[in-house]
Structure formats: C-alpha cells, structure tokens
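Please look through the sequence and the structure shown below before reading on.

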Amino acid sequence: MITIPYITALTTYFSYGLLFAFGQFRDFFRRIFEWWSQSDLQGYAPICLGLEDFYIRRLYLRIQDCFNRPISSPPDAWFDVVERISNDCNKTLKRTTRLKRCLNLGSYNYLGFAAADEYCTPRVIETLKKYTPSTCSARVDGGTTTLHAEMEECVANFIGKPAAVVFGMGYVTNSAILPVLMGKGCLIISDSLNHNSIVNGARGSGSTIRVFQHNTPSHLEKVLREQIADGQPRTHRPWKKIMVVVEGIYSMEGEICKLPEIVSICKKYKAYVYLDEAHSIGAIGKSGRGVCELLGVDTADVDIMMGTFTKSFGSCGGYIAGSKELIHYLKHNCPAHLYATSISPPCAQQIISAIKVVLGEDGSSRGAQKLAKIRENSNFFRSELQKRGFEVLGDNDSPVMPIMLYNPAKIPAFSRECLKRNVAVVTVAFPATPLLLARARICISAAHTKEDLVKALEIISEVGDLVGIKYFPAEPKKEQLK
C-alpha cells in the first residue's frame with residue numbers, strides 16, 4: 001500500500017486540476033471556431049469523444065515525446081535512440097536521422113538475451129534459413145513444426161509441469177485463455193493490480209469477478225469466504241468453479257507475490273490458482289524457474305502457470321503450463337491456438353536455446369552467471385536508489401523497480417532530463433497507473449556492468465535533485481578510511 005505525503009497529493013491534484021481547467025477552456029473556444037467551419041463528415045457522430053479523447057489531446061500530447069521512442073539497435077545494455085522533432089507543439093513527432101547512444105533502463109532484457117548471443121544467435125539464423133520467418137498457418141493446420149513440439153516439451157520441463165502449450169503473443173495468452181477456462185456461473189478472484197491482459201480476459205469470460213486488495217492474503221480469504229457463503233448472484237447456487245489469479249512479479253510495482261500464503265488459502269477453500277509469471281520466470285529463483293522456486297512452492301500446487309518469453313528469453317509469445325488434461329483441452333478449445341498463426345520458428349529456436357543456456361545445457365556456466373548477475377544488479381541498484389532518498393517500490397531480487405514521481409509535471413521533466421544525459425528510462429502515468437501514482441519504471445538487466453549502474457545512479461540522482469523527487473532524506477555518505 002503506497003502512502004502518499006499530504007503535500008504531494010495536494011500539489012498533484014492541483015496540477016491535474018489546472019491542466020483540466022485550461023483544457024476545458026481551450027475546448028470551449030475550439031467549439032466556437034469549429035461551429036463556423038464546415039465538417040467533412042456532416043451527420044456522423046465523432047469517432048473520438050469523451051474524457052479519453054480530452055485526456056489524449058490536452059494532457060498526453062503535451063508530453064508524448066517521452067513515450068514510444070523509436071530505437072535503432074538491439075535493446076542491449078546500451079542502445080541507439082532515434083531523435084525526433086515536432087513543429088506543432090508535440091501534436092506530431094517526426095523522426096530524424098540523428099541517433100543518441102543511451103544506457104537502457106527500460107527494456108525487459110532481464111538475462112541479456114535480447115542482443116546477439118554466442119549460443120542462441122547462430123542457431124536462430126540456421127532456423128531462419130531452414131524454416132523462414134513464418135509458418136503462415138495456425139497450429140492446427142500447417143503451423144506446427146518439429147521445433148514447436150520440442151519447444152513445448154522444453155518449456156514444460158523447465159517450468160516443472162507435465163505439459164505446456166505456447167502462443168505467439170504474451171498478452172493474448174491471458175486474454176484468450178481465461179474465457180476458455182471460466183464462464184457463466186464461475187467466479188474469478190483477481191488481485192487489484194493484475195495486468196490489463198488478465199482484466200480483459202476475466203471480463204471476456206462472462207464470469208463473476210471479485211477483486212482482493214493487492215498482495216493481501218488475509219483479504220483474499222475474506223473475499224473467498226463471503227463469496228462461497230453467498231454463492232452465485234440472484235440464485236445463490238454454488239459456484240461452478242473458483243479461480244484466484246495473481247502475478248509472480250507485479251509489473252508496475254516490482255513486488256513479489258505472497259504465493260505460499262495464497263496457495264494455502266486456495267487449498268483450504270478448494271479454489272484453483274492461476275499464476276502469471278510474465279516478469280518472474282527466468283529472472284528469479286536459483287535456476288531461473290520463477291517465483292515458485294524462489295519461495296519454495298511446489299509447482300504441483302499451482303494449477304495453471306502462465307508466462308511470457310519477451311522478458312528473460314529475448315523472444316516473443318507466451319505459454320500455459322499445467323496438467324496433460326488441461327493442455328489437451330486448451331489445444332482443442334482455445335481460439336488463440338486454433339485460429340492464430342503459430343509462433344515464428346526463429347523465435348521458437350531462440351526460446352529453446354535460451355532455456356538451454358539458463359539450465360547449463362549449452363556446456364557452459366553462462367546461465368548461472370546471468371542469474372547471479374541479474375540478482376546482484378537488481379539488489380545493488382535498488383539499495384543505492386533508496387540510500388539516495390528515492391521512493392522505490394518492490395522487493396529484493398525483483399529486476400523491476402518503480403521510482404515514484406507523483407506530480408504530472410515531473411513525468412516529462414524526469415524523462416527528458418535523463419535522455420539529455422544519455423539515460424533512457426520509461427515513465428508511466430494514468431491510465432496505466434492510478435492518477436496520483438505516476439512513476440518511472442526501471443528494468444535492470446544481467447547485461448549491465450557495475451560501471452553502467454554507477455553511471456545511471458549518478459545521473460538519476462542528479463536529475464532527482466533537479467526535478468525534486470527525492471521524497472526521503474538521503475543516507476549520509478560514509479567516509480572512506482585512508
């Protein structure tokens with residue numbers, strides 16, 4: 001639970017209120033001028049209408065240069081950011097030919113596989129020559145190669161489940177699977193800060209949805225007891241199925257799920273557990289097997305395990321791992337498997353090769369070194385940020401660390417000042433976060449060296465003083481012994 005300082009909350013509300021008031025004032029005069037001009041679509045209702053359109057035009061466009069920055073190199077520890085210019089007050093941005101070499105603190109390149117790798121890259125190139133970039137077919141038609149079968153077996157063994165099925169997009173994995181597993185008469189109990197893909201999947205299922213306080217097992221148990229006692233709305237019949245959906249690492253908070261307690265509660269009330277490990281698989285745990293390994297939870301106690309390959313494995317797509325019966329059912333009923341084009345063969349090879357490196361099956365210890373490095377880098381960077389007075393969310397070992405900004409004026413200020421100093425960061429604001437809780441989300445990689453992190457800390461600390469986002473007193477520097 002984030003406790004916002006009173007003055008910070010007051011100034012943030014005032015800033016948004018000022019932006020809203022001036023935006024409405026400008027829109028009033030805009031409507032007057034448009035009344036005199038002829039519309040090309042007379043009689044049509046405007047496609048863009050309402051507060052969403054207002055927010056984009058009057059708030060987002062002012063700072064859109066801080067988002068969607070194009071890059072022109074692999075998303076390694078350092079990458080090339082394409083510079084853009086605007087001649088119409090940020091309404092449109094035009095790419096230039098100039099590049100800016102920046103330290104990358106925004107990509108999900110947790111284990112460093114996004115750049116060329118001595119083991120993975122040659123095998124991906126050979127696969128590209130053999131299979132071409134796409135199968136041009138769904139899995140049930142002509143889209144299943146020997147690589148796809150090998151990949152699913154490899155993933156299942158790595159996760160510690162009997163079987164797995166792989167999809168071409170991580171977001172779709174959640175949003176397409178939940179409607180297949182749950183339906184009318186079922187109950188989904190979701191963490192209040194679950195990812196949008198889970199939210200949309202739950203809504204699309206037609207199930208009743210209840211939310212429990214973020215990462216609070218005691219409130220989850222309270223919700224479960226109340227819902228089991230009440231039963232279905234109107235009829236009060238028992239629920240057909242109950243599923244609790246949580247994430248391994250919450251992508252906007254950097255917090256690790258309290259999985260042992262949640263599993264214990266779900267066992268007590270006979271509810272299924274659905275675990276989204278998009279940010280935790282490959283990044284935490286002694287051998288990279290995610291939050292179950294880190295917290296000592298038996299994977300047999302988690303009914304459905306979901307994850308993606310875009311964070312730790314340098315590829316694309318997502319997976320569902322579970323019992324053989326579950327995977328067999330999904331392969332015959334899930335639209336994402338039946339109708340979507342199968343995952344690209346080179347991407348499948350990248351996944352297989354990356355997992356082999358992590359497990360040491362490439363004949364080296366690079367996988368273990370990468371896992372040790374991401375853990376060391378994450379804990380060092382987090383502790384140093386906190387020592388400098390920043391409000392940093394999340395837990396130790398998590399490579400995701402949000403720095404709280406709060407005020408809307410500090411979002412572009414922090415992003416632009418960091419970019420001026422050749423550090424690329426990702427800033428996040430409403431609607432991805434609550435209105436008052438804007439933040440910069442730092443993602444650490446095993447590819448970062450100690451020198452990279454020290455340089456980043458110096459620049460972020462300098463910008464933090466300039467922008468005014470050090471909400472806690474900094475620790476005094478210890479005098480070095482001569």
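Is D65 buried or exposed? D65 is buried, with a relative accessible area of 19%, where buried means under 20% relative accessible area, exposed over 50% and partly exposed in between, with a 1.4 Å probe and protein chains only. This is a predicted model, in which local features need pLDDT of at least 70 and side-chain atom pairs count only at pLDDT 80 or more, while totals for chains, interfaces and linings use all residues. Residues are numbered from 1 along each chain as its sequence is written, and side-chain values use heavy atoms, with hydrogens and water left out.

**Salt bridges**

- Across the whole structure, a search finds 22 salt bridges, each being a side-chain nitrogen of Lys or Arg within 4 Å of a carboxyl oxygen of Asp or Glu.
- One of them joins R416 to D65, with the closest N and O atoms 2.7 Å apart.
- Because R416 lies in helix α14 (residues 410-420) and D65 in the loop between α2 and β1 (78-85), this pair ties together parts that are 351 residues apart in sequence; helices (H or I, at least four residues) and strands (E, at least two) are DSSP runs, numbered from the N terminus.
- D53 counts as buried, at 19% relative accessibility.
- A further salt bridge is formed by E221 and K268, whose closest N and O atoms are 2.9 Å apart.
- That pair links distant parts of the chain, with E221 in helix α7 (residues 217-230) and K268 in helix α8 (residues 259-268), 47 residues apart.
- K268 is exposed, with a relative accessible area of 55%.
- Salt bridges that share partners join D27, D53, R57 and R58 into one network.

**Aromatic rings and charges over rings**

- A pair of aromatic rings is described by the distance of the centres and the angle of the planes.
- The structure holds 10 aromatic pairs, in which rings of Phe, Tyr and Trp (its six-membered ring) have centres within 6.5 Å, with planes under 30 degrees apart counted as stacked, over 60 as edge-to-face and the rest as tilted.
- The rings of F158 and F313 have centres 6.1 Å apart and planes at 85 degrees, so this pair is edge-to-face.
- F158 lies in helix α4 (residues 146-159) and F313 in the loop between β8 (304-308) and β9 (318-322), so the pair ties together parts that are 155 residues apart in sequence.
- Both F158 and F313 are buried.
- F309 and F313 are likewise edge-to-face, because their ring centres lie 6.0 Å apart and their planes stand at 65 degrees; F309 is also buried.
- Ring pairs link F158, F309, F313 and Y319 into a cluster.
- R123 lies over the face of Y119, at 3.7 Å from the ring centre, a charge being over a ring if NZ of Lys or CZ of Arg is within 6 Å of the ring centre and within 35 degrees of the ring normal.
- K311 lies over the face of Y108, at 5.0 Å from the ring centre.

**Backbone features**

- The peptide bond from F430 to P431 is cis, with omega near 10 degrees, and P431 is found in the loop between β12 (426-428) and β13 (438-443).
- N215, although not a glycine, has a positive phi of about 55 degrees; N215 lies in the loop between β5 (208-212) and α7 and is buried, with a relative accessible area of 6%.
- K270, also a residue other than glycine, has a positive phi near 55 degrees; K270 sits in the loop between α8 and β7 (272-276) and counts as exposed, at 68% relative accessibility.

- L405 lies in strand β10 (residues 400-406) and is buried, with a relative accessible area of 0%.
- Leaving aside neighbours within four places in sequence, L405 is in contact (heavy atoms within 4.5 Å) with residues including K410, F414, T427, A440 and Y471.
- The C-alpha atoms of L405 and G468 are separated by 8.8 Å, while the two residues are 63 apart along the chain.
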